Amino acid sequence: MDDSGVIHRVSSSEKYKKNISPIDDIINKGNALLTITPKKWQDKNNDKDTQVGLIAEDLEKVGLSDFLFYKDGKPEGIQYDRLFILLMPLIKNIMEGKNG
């Protein structure tokens, strides 16, 4: 859903994409993700429930802005469903006995 409340479909098929290319510096971006410390907190509008996850500004500080949602030029949320791709080459290197 975008800022205006419109729901969009996310497609993985290349037939809906253009300018497809590898992610630049993916090993370093994966390593940057691993420097982020997961946090727990209470939302300001609901202090009864504890939430867990990552803080968008923490990802921005380490150069992972491609995985954030922005509103008015500021981090608003994290594209959690896409973060795993940063770990894929790191895991591959481990499985192949390499250090990333």
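**Working through the fold**

Q: Leaving aside neighbours within four places in sequence, which residues is Ile26 in contact with?
A: Ile26 is in contact with Ile85, Leu86 and Pro89. Contact here means heavy atoms within 4.5 Å.

Q: What sort of model is this?
A: This is a predicted model, where local features need pLDDT of at least 70, side-chain atom pairs count only at pLDDT 80 or more, and totals for chains, interfaces and linings use all residues. Residues are numbered from 1 along each chain as its sequence is written, and side-chain values use heavy atoms, with hydrogens and water left out.

Q: Back to Ile26: where does it lie?
A: In helix H1. Helices (H or I, at least four residues) and strands (E, at least two) are DSSP runs, numbered from the N terminus.

Q: And how does Ile26 count for accessibility?
A: Ile26 counts as partly exposed because its relative accessibility is 21%. The cut-offs are under 20% relative accessible area for buried and over 50% for exposed, with partly exposed in between (1.4 Å probe, protein chains only).

Q: How far apart are Ile26 and Leu59?
A: They sit 33 residues apart in sequence, and 14 Å apart in space, C-alpha to C-alpha.

Q: OK, zooming out. What is the secondary structure of the protein chain?
A: Four helices and four strands. Reading along the sequence, you get α-β-β-α-β-β-α-α. The radius of gyration (taken over C-alpha atoms) is 16 Å, well over the 13 Å that the globule rule gives for 100 residues, so the chain is more spread out than a compact globule. That rule is 2.2 Å times the number of residues to the power 0.38.

Q: What does the C-alpha trace span along its principal axes?
A: About 45 × 35 × 20 Å.

Q: How much of the protein chain is buried?
A: Buried residues make up 23% of the 100 residues.

Q: Which residues make up the largest nonpolar core?
A: There are eleven, including Leu33, Ile36, Leu54, Phe67, Ile78 and Leu86. A nonpolar core is a set of buried Ala, Val, Leu, Ile, Met, Phe, Trp, Tyr and Cys residues joined through side-chain atoms within 4.5 Å.

Q: What is Ile78 in contact with, leaving aside neighbours within four places in sequence?
A: Leu54, Ile55, Ala56, Leu59, Phe67, Leu68, Phe69 and Leu83.

Q: What about Pro75, where is that found?
A: Pro75 is in strand E4, and counts as buried because its relative accessibility is 15%. Not counting residues up to four places away in sequence, Pro75 touches Ala56, Glu57, Glu60, Leu68, Phe69 and Tyr70. Its C-alpha is 9.3 Å from that of Leu59, 16 residues away along the chain.

Q: And Asp58: buried or exposed?
A: Buried, because its relative accessibility is 15%. Asp58 lies in helix H2 (residues 56-61). Setting aside neighbours within four places in sequence, Asp58 is in contact with Ile36 and Lys39.

Q: Switching to the backbone, what is phi of Asn19?
A: Near 55°, a positive value in a residue other than glycine. Most residues other than glycine have a negative phi. Asn19 lies in the segment before helix H1 (26-34), and counts as exposed because its relative accessibility is 72%.

Q: What about the phi of Asp72?
A: Also positive, about 55°, although Asp72 is not a glycine. Asp72 is in the loop between strand E3 (68-71) and strand E4 (74-78), and is exposed, with a relative accessible area of 73%.
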